[in-house]
Amino acid sequence: MRLVEVDRLSKSFGDRLAVTDVSFTLEAGTTLAIVGESGSGKTTIARMLAGLETPTAGRIAVCGDDRSRPARRASERRDRARQLQIVFQDPYSSLDPRQSLSTCLDEVLRLHHPAMDRAARAARVAELASLTGLDGRQQSALPRELSGGQRQRVAIARALAAEPAVMLLDESVSALDVSVQAQILNLLADIRAATGVGYILISHDLAVVRQLSDRSLVLRHGRVVEHGPTSEVLDQPTHPYTRLLRDSVPRPGRRPARPANS
Amino acid sequence: MTLLSLKALRVVLPVGGSDRQVLRGVDLDIAEGESVGLVGESGSSKSMTARAISRMLPPGARVDGRIEFDGCDVLGLGRKELRTYRAHDVATVFQDPRAALNPVRTIGDFLCEGLRLTMGMPTAMARRRAVDLLAEVGIDDGERRLRQYPHQLSGGLLQRVVIAAALAGEPRLLLADEPTTALDVSTQAEIVAILDRLRRTRGLALLFISHDLDLAASICDRTAVMYAGEIVELQASTELHRAPRHPYTIGLLGARPDIEQALPRLRAIPGQPLAAFEAPPGCAFADRCAHCVAACRADHPRLEQLSTALVRCHRAEALQTHSPGLAKGKVS
């Protein structure tokens with residue numbers, strides 16, 4: 001099933017083009033990686049998908065519904081939120097410091113699933129917590145009592161609570177320690193297999209992209225320079241920029257190349 | 001010849017009325033012109049090690065043990081000697097170059113201030129020297145850059161400016177604390193290449209602090225892995241990747257996704273990293289370790305020689321003989 005369809009999307013801020021003519025699709029149960037460095041436009045694309053920016057031109061459809069125009073009513077905005085949820089990079093600033101995991105998830109459930117009663121919500125909160133590997137004690141803990149990895153699990157649980165068709169992972173594992181990052185990457189793969197959710201993974205880390213994504217899109221200065229199955233993009237990059245990114249990844253026993261003057 | 005030597009370095013910081021140990025006995029030597037990586041996750045106190053070396057610990061910190069630079073006792077330096085030490089012996093480059101520069105002063109002001117004050121250069125000479133220093137870090141149009149403000153430069157260029165400033169006092173040791181973490185990968189590669197070249201051309205010793213084992217291995221002769229305020233393994237960087245000895249190092253290398261291939265499942269280390277003050281009396285890694293036995297919880301392991309490595313693990317020798325295939329082959 002096609003979850004996301006983006007067609008010739010562009011965004012300009014004043015006379016500056018942030019995103020030019022970007023097209024891609026996302027199928028259920030798969031992951032599309034958007035790779036690029038700072039200024040490549042990847043965050044602008046994410047913000048347009050989430051409805052935080054309005055496209056200058058082009059079309060975005062999520063679950064068949066057009067969302068190129070701003071939502072007119074609160075109910076429409078809520079429907080869009082149910083279709084697509086975001087997990088941000090920094091779990092220290094993306095959670096309400098006064099909300100425990102349970103109250104945070106309960107709020108999402110009440111908003112998106114008004115038919116659920118209190119007992120059903122409590123059961124679902126427990127289910128989401130166990131799916132994301134958080135125990136009972138952590139359910140009542142405030143964010144400040146949790147580690148970075150645990151907070152990111154809370155952010156993932158919160159996104160899952162809406163039962164979205166698409167999850168937008170905006171550098172969601174970049175700020176985590178290596179040993180914890182592996183746990184979260186495994187968790188994301190499990191959730192995808194269990195629920196059929198589609199991921200849009202925004203990342204600068206090619207190893208993470210290789211591990212989690214099926215298809216990749218490489219952005220530079222707001223334009224797509226390479227697009228295809230992740231294994232092909234990483235193994236046989238055709239664009240020099242993709243090759244540069246690939247060669248910039250540090251590896252043991254390989255002396256860094258001479259720096260390019262700029 | 002040994003340039004810097006840390007001996008049983010312990011640091012305790014006062015946090016909200018109670019004392020917290022951040023370094024639990026670090027021993028490390030850096031030879032002249034040598035580059036050593038210090039790798040660890042959050043809370044491992046790798047940055048605190050660098051701050052102890054440059055005597056930049058927060059107020060109230062209690063330091064125990066010895067820090068020797070070129071045979072001289074760093075902990076005993078007076079105010080004036082400390083100034084000289086920081087200007088001419090040990091320079092530091094931090095993670096975020098934007099935090100290191102005053103946004104309302106030009107690049108020229110920033111670079112020349114140090115040259116005028118510590119090297120006693122007249123302004124015109126300082127500016128010429130600043131242009132030379134910028135050229136050394138790969139910035140060719142130095143004259144123009146000196147007139148610019150930090151906001152006009154990219155993060156990668158600013159980090160080069162900070163490195164140029166660190167070179168101003170002709171230091172013999174450069175402490176680089178996650179110098180590329182805030183930068184893009186291609187910029188990271190450039191900065192690392194500059195550090196590597198400077199080290200070779202100037203004979204500069206380098207302590208490179210990072211959370212990335214692969215990155216450290218790409219420019220460091222030796223790598224020390226820190227966990228909960230102490231070094232758990234130390235050996236030549238290539239060896240560390242080929243034959244890691246400590247279960248934590250093995251775990252770290254195995255947990256990282258592989259750029260060459262997607263793995264069916266990443267070998268995550270269970271649990272989360274401990275901070276130094278949370279460390280139990282035995283081995284700090286015991287709770288997350290698959291090879292933990294009773295002795296690991298009872299006795300604090302010492303850093304001991306095992307073939308070419310120094311390892312802090314009771315089980316290292318047994319693991320080496322019993323499971324040679326433990327380490328994941330990640331050397332390219």
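This is a predicted model: local features need pLDDT of at least 70, side-chain atom pairs count only at pLDDT 80 or more; totals for chains, interfaces and linings use all residues.
## Extent of the interface

The contact between the two chains draws on 41 residues of chain A and 51 residues of chain B. Together, chain A and chain B bury about 3900 Å². Carbon and sulfur atoms account for 50% of that buried area.

Polar contact between chain A and chain B involves 18 residue pairs, with both partners at pLDDT 80 or more. On the side of chain A that touches chain B, the elements giving two or more residues are α7 (178-195), α8 (206-212), α9 (230-235) and α10 (240-248) of chain A. Of the contributions to this side, the largest share comes from α7(A), with nine residues. Sorted by class, the side of chain A that touches chain B comprises 17 nonpolar, 13 polar and 11 charged residues.

## Salt bridges

Over all chains, the model contains 39 salt bridges. Between chain A and chain B the count is three.

One of the salt bridges pairs the side chain of D190(A) with that of R265(B), at 2.8 Å from N to O. Another salt bridge is formed by the side chains of R246(A) and E260(B), with an N to O distance of 3.3 Å. R246(A) belongs to helix α10 of chain A, whereas E260(B) sits in the loop between α11 (247-255) and α12 (294-298) of chain B, so this pair joins two chains.

## Enclosed cavities

The structure has three cavities of 30 Å³ or more. The largest cavity has a volume of about 70 Å³. Its lining consists of 13 residues, and those closest to the centre are C283(B), C289(B), C296(B), C313(B) and R315(B). By class, the lining of the largest cavity divides into nine nonpolar, three polar and one charged.

The lining of the second largest cavity has seven nonpolar, two polar and two charged residues.

## The second largest pocket

The second largest pocket holds about 790 Å³ of space. Its lining comprises 23 residues, among which R86(B), A87(B), G114(B), A165(B) and A166(B) lie nearest the centre.

Several elements of chain B contribute to this pocket: α2 (79-89), β6 (90-93), α4 (107-119) and α7 (155-167) each supply at least two residues of the lining. The largest share, six residues, comes from α4(B). In terms of residue class, the lining of the second largest pocket divides into 13 nonpolar, seven polar and three charged residues.

How values were computed. Residues are numbered from 1 along each chain as its sequence is written. Chains are lettered from A and ligands numbered from 1 in the order in which they are written. Side-chain values use heavy atoms; hydrogens and water are left out. Contact means heavy atoms within 4.5 Å. Buried area is the accessible area (1.4 Å probe) that two parts lose on being put together, summed over both. A salt bridge is a side-chain nitrogen of Lys or Arg within 4 Å of a carboxyl oxygen of Asp or Glu. A polar contact is a pair of N or O atoms within 3.5 Å; within protein, one must be able to donate a hydrogen and the other to accept it, and residues adjacent in sequence count only if both atoms are side-chain atoms. Helices (H or I, at least four residues) and strands (E, at least two) are DSSP runs, numbered from the N terminus. Ala, Val, Leu, Ile, Met, Phe, Trp, Tyr, Cys and Pro count as nonpolar, Asp, Glu, Lys and Arg as charged, and the others, Gly among them, as polar. On a 1 Å grid over the protein atoms alone, a cavity is a set of points where a 1.4 Å probe fits but cannot get out, and a pocket is an open set with protein on both sides within 12 Å along at least five of seven lines; lining residues have an atom within 4 Å of a point. Grid points are joined across faces, edges and corners, and a volume is the space filled by probe spheres set on the points.
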